[in-house]
Amino acid sequence: MNVHEYQAKDLLAKFGLNIPKGKLCHTATEAEWAARSFGPDALSVVKAQVHAGGRGKGGGVKLARTPEEAHDWAQKILGMQLVTPQTGHQGKKVHKVLVAQGSDIAKEYYLSFVVNRETDAIGVMASTEGGMDIEEVAEKHPEKIVTANIDPTVGLMPFTVRTMSARLGFTGPLAKEFDKTIRGLFNAFMAYDCSMIEINPLAITKDGQMQILDCKMAFDENALFRHPEIQDMRDYEEEDARELEASKFGLSYVSLEGNIGCLVNGAGLAMATMDIIKQKGGQPANFLDVGGGANQETVTQAFRIILKDAAVRGIFVNIFGGIMKCDVIANGIVAAAKELGLKVPLVVRLEGTNVELGKKILGDSNLNIIAANSMSDGAEKIVHAVR
């Protein structure tokens with residue numbers, strides 16, 4: 001689960017971190033008065049609040065030198081369809097902006113925490129090149145990336161802080177500021193069951209302060225039951241309506257940009273199905289794992305969600321029946337196709353428990369279902385049918 005920048009800053013402020021003042025605004029007038037509240041000569045930054053990075057490149061972050069300028073920028077940003085590298089070509093509509101007090105920046109840094117599953121640790125990464133795409137820095141200037149692993153059972157050790165501080169060039173008061181900042185962020189990461197905290201930029205001001213100017217936070221959804229206050233921060237407008245609907249039925253669904261709908265049981269098989277569709281020259285429209293305990297109702301809902309995507313030109317059902325029985329899936333497919341009046345090509349590959357009974361149910365349905373003998377055969381047939 002992700003939250004907006006203004007929400008992330010509110011959470012981090014509880015750990016004593018230095019964050020410039022900011023106010024959430026839904027209108028241009030609110031933005032103007034927010035800028036006025038910082039003082040007559042204060043700079044302000046108007047920032048679109050959407051769940052995506054690269055907002056500045058898309059025109060969603062603007063510096064305002066006067067309250068009137070903050071009003072004008074907010075008026076342009078609110079309601080815009082903000083397109084960034086992380087939103088896709090469709091972009092995201094901006095419903096609110098954060099108006100933050102400007103800072104007199106001397107230098108920008110990058111700092112992030114993430115769950116490192118390869119090392120069973122909390123990975124921390126920092127760089128002297130803040131404000132840039134960290135992927136680009138890692139590729140072109142790997143020597144400017146500082147990394148460390150923190151054992152969550154031990155915590156953030158002093159030598160880790162000292163080593164990172166030295167490699168980033170912090171001495172004296174700045175080293176103390178960095179110590180306070182990195183400890184506050186680590187404590188927040190652990191307290192909130194985060195999967196990621198990214199600070200970009202972490203700024204040093206000309207008067208020697210270390211400030212968090214932008215922040216992204218993501219949380220482990222499996223731990224949200226411990227954090228009702230974070231659950232309440234969920235912005236459903238930022239999430240795909242089909243993904244939300246799928247979650248109500250216990251389906252794992254992720255919308256993609258292709259035209260071949262996929263209905264599969266098991267995350268690994270679903271990934272392999274998408275790969276083989278790509279290999280055959282097609283484009284998957286979604287990842288959809290119906291799980292091991294799907295029933296007729298679940299399958300019908302899965303078809304319904306897939307068909308809500310107007311780009312879908314065909315559906316590939318790829319089922320390996322272990323706990324799940326092929327005849328149950330077959331009955332669900334037949335029921336869904338009849339109820340929804342399926343008009344796009346449908347290719348079905350069944351294997352596993354009760355497979356012969358499942359194939360018989362499909363064969364006796366009098367529906368135009370294309371049977372596949374293998375995953376490769378099914379992928380080839382659906383790509384051909386769509387073309």
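How many nonpolar, polar and charged residues are in the lining of the second largest pocket? By class, this lining has 14 nonpolar, nine polar and ten charged residues, where Ala, Val, Leu, Ile, Met, Phe, Trp, Tyr, Cys and Pro count as nonpolar, Asp, Glu, Lys and Arg as charged, and the others, Gly among them, as polar.

The model is a predicted one, in which local features need pLDDT of at least 70 and side-chain atom pairs count only at pLDDT 80 or more, while totals for chains, interfaces and linings use all residues. Residues are numbered from 1 along each chain as its sequence is written, and side-chain values use heavy atoms, with hydrogens and water left out.

Stay with the second largest pocket, whose volume is about 960 Å³, and select Gly56, Gly131, Asn200, Pro201 and Asp214, which of its 33 lining residues are the closest to its centre. A pocket here is an open set of points on a 1 Å grid over the protein atoms alone, where a 1.4 Å probe fits, with protein on both sides within 12 Å along at least five of seven lines, and lining residues have an atom within 4 Å of a point; the volume is the space filled by probe spheres set on the points, which are joined across faces, edges and corners.

Next, select Asn200 and Pro201, which are joined by a cis peptide bond with omega of about 10°. Pro201 is found in strand β10, strands being DSSP runs of E with at least two residues and helices runs of H or I with at least four, numbered from the N terminus.

Finally, go to Asp193, in the loop between α6 (172-191) and β10, where phi is positive, about 55°, although Asp193 is not a glycine.
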